[in-house]
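Here is a short note to read alongside the model. Please keep the sequence and the structure in view while going through the points.

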Amino acid sequence: MHIFITGATGLIGSHLCPLLLASHQLTVLSRDPAKATLLLGSAITAIDSLDKIDFNTVDCVINLAGEAIINKRWSDKQKQRLLDSRIQLTQQISTAIQHSQTPPHTFISGSAIGFYGRQDNTPIDESFTAVTPEFSHKLCAQWEQAAYAAQSANTRVCTLRTGIVLAKQAGALAKMLPPFKFGLGGPIGSSEQGMSWIHIDDMVQLILFVLVTMELSGPINATAPNPVSNKEFSRQLGKALARPAVIPMPSFILKLAMGEMADLLLYGQFVVPNKVLAQQFSFNYPTLPKALENLLT
């Protein structure tokens, strides 16, 4: 297939592209095509504008672009940047698909489990509708709506409600490791909040699975099937590193340091990926101990 991908040099994209290149033609949107080619290899075609691709020639779009959500405090200006970096590009892609005579048959677009907002310990699948209408929900809902504008009899749209992606040298786990390695890690806030995670290898395999499983459409939870509480996550991470993990991080300290963005750490969800499980997708790392063992040894 001819696949068009955005966000190709990010955490997920950089792991996904080498697998796509094994079988498919890949066009990458990047602000810096030369850098993208250096990172991903000369087999890709890198472009810096949507105007440079004919969507009539594209079989599938994978849209992973968006400014990192935890880079800066959530001022009103930063919230708008987070919204714009996701929604404007997604709208442009949807418009291009709508105007195509032979549009891509599949549009896979990013989202996040923040769609559900803060929840209690009740397991949540894709059918869950009792969302908490906070900023994370607003961000994901508008992002998804922009993608669904491309949906038609010719184009199926899938939105990936992605959890915490665990990888060796980047992402959330890399930020957690330093205090835990020094024995200074521990539970956050109440420690009962859900942490819905996924190993990077399972994340990219899930995207490849969605790409070829035409029965799948709409929202898809991209999380491992066994979410855990923050307390259990901290315990398992400490165990994997052979370090104590008992020093708590009080809520007020996080709120002072991070402002409203601290809510992402203080509150959570227990999300389960029922849609892909129903289609017989098999996780290589379904449990946290197995995932951490692979990533940390």
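1. How many residues of strand β7 (residues 156–162) are buried? The count is 7 of the 7, so β7 is largely enclosed by the rest of the structure. Buried means under 20% relative accessible area, exposed means over 50%, and partly exposed lies in between (1.4 Å probe, protein chains only). Strands (E, at least two residues) and helices (H or I, at least four) are DSSP runs, numbered from the N terminus.

2. A word on the source. This is a predicted model, in which local features need pLDDT of at least 70 and side-chain atom pairs count only at pLDDT 80 or more, while totals for chains, interfaces and linings use all residues. Residues are numbered from 1 along each chain as its sequence is written, and side-chain values use heavy atoms, with hydrogens and water left out.

3. In a regular strand the side chains alternate between the two faces of the sheet. From β7, Arg156, Cys158, Leu160 and Thr162 point one way, Val157, Thr159 and Arg161 point the other way, and all are buried.

4. Strand β5 (residues 106–112) runs parallel to β7 and is joined to it by 7 bridges; two strands pair if DSSP finds at least two bridges between them. Thr106 stands opposite Arg156 of β7. Strand β11 (residues 218–222) also pairs with β7 in the parallel sense, over 5 bridges, and there Ala222 is the bridge partner of Thr162.

5. The largest nonpolar core has 36 residues. Such a core is a set of buried Ala, Val, Leu, Ile, Met, Phe, Trp, Tyr and Cys residues joined through side-chain atoms within 4.5 Å. Among the residues with the most contacts inside this core are Ile5, Leu16 and Met203. The elements that give two or more residues to the core include β7, β11 and α6 (200–212). Helix α6 gives the largest share, 9 residues.

6. How many disulfides does the structure hold? There are 0, a disulfide being a pair of cysteine sulfur atoms within 2.5 Å. The sulfur of Cys17 is 12 Å from the closest cysteine sulfur, in Cys60, which is too far for a bond. For Cys158, which is in no disulfide, the nearest cysteine sulfur is also that of Cys60, 8.6 Å away. Cys17 is buried, at 0% relative accessible area, and Cys158 counts as buried at 0% relative accessibility.
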